[in-house]
Amino acid sequence: FRIMAGKVKWVTDIEKSVLINNFEKRGWIQVAENEDWNFYWMSVQTIRNVFSVETGYRLSDDQIVNHFPNHYELTRKDLMVKNIKRYRKELEKEGSPLAEKDENGKYIYLDFVPVTFMLPADYNLFVEEFRKNPSSTWIMKPCGKAQGKGIFLIKKLSQIKKWSRDSKTSSFVSQSSKEAYVISLYINNPLLIGGKKFDLRLYVLVSTYRPLRCYMYKLGFCRFCTVKYTPSTSELDNMFVHLTNVAIQKHGDDYNHIHGGKWTVSNLRLYLESTRGKEVTNKLFDEIHWIIVQSLKAVAPVMNNDKHCFECYGYDIIIDDKLKPWLIEVNASPSLTSSTANDRILKYNLINDTLNIAVPNGEIPDCKWNKSPPKEVLGNYEVLYDEEMAQSDGTDRDLRGRPGQPTGVKGSRARDSGKPVLTTWK
């Protein structure tokens with residue numbers, strides 16, 4: 001059913017064969033790159049063009065796309081932090097217990113992003129914070145880039161001065177008026193395995209923001225650095241020590257092309273259960289799920305919740321040596337390129353399961369359906385949060401268990417009582 005003029009614009013790093021095989025299996029298309037499909041897998045730029053006021057384009061009911069029009073509210077590094085900060089302030093004004101702070105003024109439940117400032121706008125605030133703890137390390141990232149491009153670490157104010165500074169006014173000036181940066185307190189005590197730093201890449205599918213309904217993919221993975229970690233200032237410029245991006249690590253001398261420096265999430269869980277215990281491991285993953293839900297809630301009010309849209313995000317989480325998870329960033333177009341055989345299987349299944357939820361049973365897309373697919377089509381996805389269901393059950397109280405209490409997924413068991421315990425945000 002070719003119903004729409006204009007060709008598919010593929011995300012550059014997607015393996016076309018994987019998507020085409022998935023489309024073909026559903027009987028949607030013939031394999032021909034010049035065909036016009038009614039299901040579009042688009043790049044973020046193409047999405048902007050489709051929803052642009054200037055184009056005057058309107059999607060019909062049987063056309064769905066794989067990004068929300070203003071997904072960048074979550075996936076641009078600066079806007080993500082801005083929205084989370086706004087979300088915290090709103091909860092504080094409402095007197096929500098979620099916004100509770102400790103005696104040092106830190107959020108107890110919403111402290112999941114490192115201290116971050118936008119440059120050049122927040123330069124003076126950053127300097128003030130820097131001088132409170134001058135021995136700390138900071139990481140600078142361009143707001144609109146991915147794959148580790150343009151990232152560097154600083155330990156001294158002089159390092160940022162030489163990057164860009166107006167000496168006459170003593171104020172920060174960006175080298176390019178087009179490019180903004182974020183600067184964040186560097187997590188210099190990461191959890192190490194085999195002496196190496198790693199982060200988690202987790203996939204989260206959002207089918208609708210209002211009401212919020214999201215799914216966690218069970219087959220995420222860890223990305224390891226190829227060089228052992230050291231906080232030494234002499235290694236600040238060595239990105240093989242500090243950045244886990246495969247786009248960077250694959251150029252290292254020690255990169256292993258067989259396993260790609262990756263571990264499955266299930267392997268990480270097994271390792272942590274054997275070294276730290278099952279209870280603290282469950283608590284860690286509960287906190288990761290909590291972070292994801294709260295970050296989505298933070299952007300839900302500002303997201304353009306178009307009924308034609310769904311989105312699969314790539315969440316990057318770092319765990320420190322105290323087993324505290326930190327949200328680093330959220331990717332709008334997580335790489336679907338496979339670097340290993342296992343990678344290819346994982347991403348093939350990811351695409352397959354995503355399409356099964358977006359368009360159940362391989363039927364003609366219909367943006368009017370309620371986007372609540374039956375459990376049997378979820379594949380490796382599991383419901384992470386369903387706002388509609390939570391409200392109807394009376395469980396969405398926006399409260400969270402106190403530290404040390406079980407806050408696991410629905411049906412997880414308290415260690416002391418043996419009774420099922422529901423998380424309050426589920």
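Reader: Which residues of helix α5 are buried?

Author: Happy to start there. Buried means under 20% relative accessible area, exposed over 50%, and partly exposed in between, with a 1.4 Å probe and protein chains only. Helices (H or I, at least four residues) and strands (E, at least two) are DSSP runs, numbered from the N terminus. In helix α5, which spans residues 123–132, the buried residues include Y123, F126, V127 and F130. A word on the source: this is a predicted model, where local features need pLDDT of at least 70 and side-chain atom pairs count only at pLDDT 80 or more, while totals for chains, interfaces and linings use all residues. Residues are numbered from 1 along each chain as its sequence is written, and side-chain values use heavy atoms, with hydrogens and water left out.

Reader: Where around the axis do those α5 residues lie?

Author: The arc is that of the directions from the helix axis to the C-beta atoms. Here the arc is only 100°, so the four buried residues are on the same side of α5. On the other side of α5, N124 and K132 are exposed.

Reader: How many aromatic pairs are there in the whole structure?

Author: Rings of Phe, Tyr and Trp (its six-membered ring) pair if their centres lie within 6.5 Å; planes under 30 degrees apart count as stacked, over 60 as edge-to-face and the rest as tilted. The search finds 14 aromatic pairs. In F68 and Y209 the ring centres are 5.0 Å apart and the planes stand at 75°, so this pair is edge-to-face. Since F68 lies in the loop between β2 (64–65) and α3 (72–75), and Y209 in strand β8 (residues 196–209), the pair ties together parts 141 residues apart in sequence. F68 is buried at 0% relative accessibility, and Y209 is buried with a relative accessible area of 0%.

Reader: What is the geometry of the F152 and Y181 pair?

Author: That pair is tilted, with 6.4 Å centre to centre and 55° between the planes. F152 is in strand β5 (residues 152–154) and Y181 in strand β6 (residues 181–185), so parts 29 residues apart in sequence are tied together. F152 is partly exposed at 21%, whereas Y181 is buried at 7%.

Reader: Which residues do ring pairs link into a cluster?

Author: The cluster holds F117, Y123, F126, F130 and W138.

Reader: Which charged end sits over the ring of F117?

Author: A charge sits over a ring if NZ of Lys or CZ of Arg is within 6 Å of the ring centre and within 35 degrees of the ring normal. For F117 it is the charged end of K85, 5.7 Å from the ring centre. Likewise, the charged end of K101 sits over the ring of Y107, 4.9 Å from its centre.
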